[in-house]
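This report looks at a set of annotated residues, at their surroundings in the fold, and at a few positions elsewhere in the chain. Please keep the sequence and the structure in view while reading.

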Amino acid sequence: MDLLFLGTSAGVPTKARNVSGTAVIEASGSHWYLVDCGEGTQHRLLYTPLSIRDLRAIFITHVHGDHCFGLPGLLASAGMSGRTQPLDLVLPAALHDWVRQGLVVSDTFLPFELRLLAVEELVEWHSDALEVTSVQLSHRVPSVGFVFTELNPEPRLNIPRLEAEGIPRGPLWGELAKGLTVQHGGRRLHGKDYLRPSRQPRRVIVCGDNDNPELLADAAKGADVLVHEATFTQAVVERTGVTFGHSTAAAVARFAETAGVRNLVLTHFSARYQHDPRRSPSIDDVRDEALAHYSGQLTLAQDLQRYHIGRDGCLEPAG
């Protein structure tokens with residue numbers, strides 16, 4: 001299971017960072033999911049191995065433009081790329097008419113079914129590989145985080161159940177191991193019912209904008225990775241007196257330490273933080289502030305960097 005960051009800047013893009021977009025990639029590597037789609041997201045995709053045809057679903061955390069203004073272009077490109085599979089788009093209900101109208105007035109034809117789902121009504125969404133739920137956050141507008149949990153990772157046959165039900169070894173077991181449906185003794189046997197995970201499922205939280213990390217207390221229990229915005233450092237907030245509904249690196253780090261988060265990934269950095277440590281403020285200020293409060297594995301996300309979550313839950317750069 002991997003994360004690939006398509007945009008890590010807050011509000012506006014910089015020369016080094018685009019606005020928000022995060023790809024969550026299945027362990028198989030063949031399908032992926034997009035959390036937020038700021039302007040220019042489809043351009044960032046051109047520098048990755050990800051294909052719009054393999055995109056399973058898009059999840060938008062809130063209505064602000066740096067998290068959704070890339071949708072019309074990405075959807076149009078998906079249509080022009082020859083995609084035919086339906087695509088689920090989970091986003092605030094307030095954006096539904098905007099998406100529809102944008103496609104209509106631009107005379108954009110999509111050769112696939114676009115299914116608009118309201119994030120406010122989301123209980124759970126799932127594919128055959130992942131389950132996605134949401135957690136309410138605190139921002140100037142309603143905002144959520146999305147929790148991605150693997151389903152039945154690396155499944156193996158549930159041999160005790162097969163033996164208990166008297167299902168003979170042989171071709172039937174082979175078919176069930178592939179997840180297929182077979183007939184036996186006048187019954188239909190579904191492969192998914194006879195498979196069980198061979199390891200603990202990995203769980204990743206990708207958050208929208210949020211000024212109250214403690215709202216994640218329940219969701220963070222047992223999570224392998226927390227991806228959270230750190231728009232400002234405490235020094236900037238103390239100087240300006242405003243947060244605009246965002247978190248500081250210190251606030252997120254303190255929460256992650258208390259919650260026992262193993263891997264903390266910070267993103268959504270204000271454009272004021274320079275890459276050059278000789279210039280102030282620099283991105284190193286964000287790192288140093290977080291490290292003063294957090295003892296786990298800290299990562300400051302970079303655009304186009306892919307990170308792998310190992311079977312042991314350890315996060316490290318891929319490639």
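Helices, of at least four residues, and strands, of at least two, are DSSP runs that are numbered from the N terminus. The model discussed here is a predicted one.

**The first annotated set**

An unreviewed UniProt entry carries the annotation "binding site" for Asp66, His67, Asp209 and His268. These residues are spread over 203 residues of sequence, and yet they cluster in space, with a largest C-alpha distance of 10.7 Å. Of this set, His67, Asp209 and His268 belong to the lining of the largest cavity.

Is His268 buried or exposed? His268 has a relative accessible area of 3%, and because buried means under 20%, His268 counts as buried. Setting aside neighbours within four places in sequence, the contacts of His268 include Thr8, Ser9, Ala10 and Gly11, as well as Glu229, Ala230, Thr231 and His246. Asp66, His67 and Asp209 are also among the residues that His268 contacts, and the side chains of His268 and Asp66 are joined by a polar contact of 3.4 Å.

His67 sits in the loop between strand S5 (55–59) and helix H2 (71–80). With a relative accessibility of 1%, His67 is buried. Beyond its neighbours within four places in sequence, His67 is in contact with residues that include Ser20, Asp36, Cys37 and Gly38, and also with Asp209 and His268. A polar contact of 3.4 Å links the side chain of His67 to that of Asp66.

**The second annotated set**

UniProt, again in an unreviewed entry, lists His62, His64, His139 and Asp209 under "binding site". Although these residues are spread over 148 residues of sequence, the largest C-alpha distance among them is 10.5 Å, and they cluster in space. From this set, Asp209 is part of the lining of the largest cavity.

Where in the fold does His62 lie? His62 is found in the loop between S5 and H2, and His64 is likewise placed in the loop between S5 and H2. His62 is buried, at 0% relative accessibility. His64, at 19%, also counts as buried, because the cut-off for that term is under 20%.

Apart from residues within four places in sequence, His62 is in contact with His139 and Asp209, and its other contacts include Asp36, His67, Pro92 and Leu95. The side chains of His62 and Thr61 are joined by a polar contact of 2.9 Å. His64, with residues up to four places away left out, touches His139, Arg140 and Val141.

| Side chains joined | Polar contact |
|---|---|
| His67 and Asp66 | 3.4 Å |
| His268 and Asp66 | 3.4 Å |
| His62 and Thr61 | 2.9 Å |

Rolling a probe the size of a water molecule over the atoms shows where empty space is left. The largest pocket holds about 340 Å³ of space. Its lining is made up of 15 residues, and those nearest its centre are Asp128, Ala129, Leu151, Asn152 and Pro155.

Glu131 belongs to strand S9 (residues 130–136) and is partly exposed, at 23% relative accessibility. Glu131 and Leu151 are 20 residues apart along the chain, and their C-alpha atoms are separated by 6.5 Å.

**Ala318**

Ala318 lies in the segment after strand S21 (315–317), and its relative accessibility of 25% makes it partly exposed. Leaving aside neighbours within four places in sequence, Ala318 is in contact with Gln305, Arg306, Tyr307 and His308. Between Ala318 and Pro142 there are 176 residues of sequence separation, and the distance from C-alpha to C-alpha is 33 Å.

Conventions: Residues are numbered from 1 along each chain as its sequence is written. This is a predicted model: local features need pLDDT of at least 70, side-chain atom pairs count only at pLDDT 80 or more; totals for chains, interfaces and linings use all residues. Side-chain values use heavy atoms; hydrogens and water are left out. UniProt positions are given in the numbering used here, feature names are shortened, and annotations may be inferred rather than shown by experiment. On a 1 Å grid over the protein atoms alone, a cavity is a set of points where a 1.4 Å probe fits but cannot get out, and a pocket is an open set with protein on both sides within 12 Å along at least five of seven lines; lining residues have an atom within 4 Å of a point. Buried means under 20% relative accessible area, exposed over 50%, partly exposed in between (1.4 Å probe, protein chains only). Contact means heavy atoms within 4.5 Å. A polar contact is a pair of N or O atoms within 3.5 Å; within protein, one must be able to donate a hydrogen and the other to accept it, and residues adjacent in sequence count only if both atoms are side-chain atoms. Grid points are joined across faces, edges and corners, and a volume is the space filled by probe spheres set on the points.
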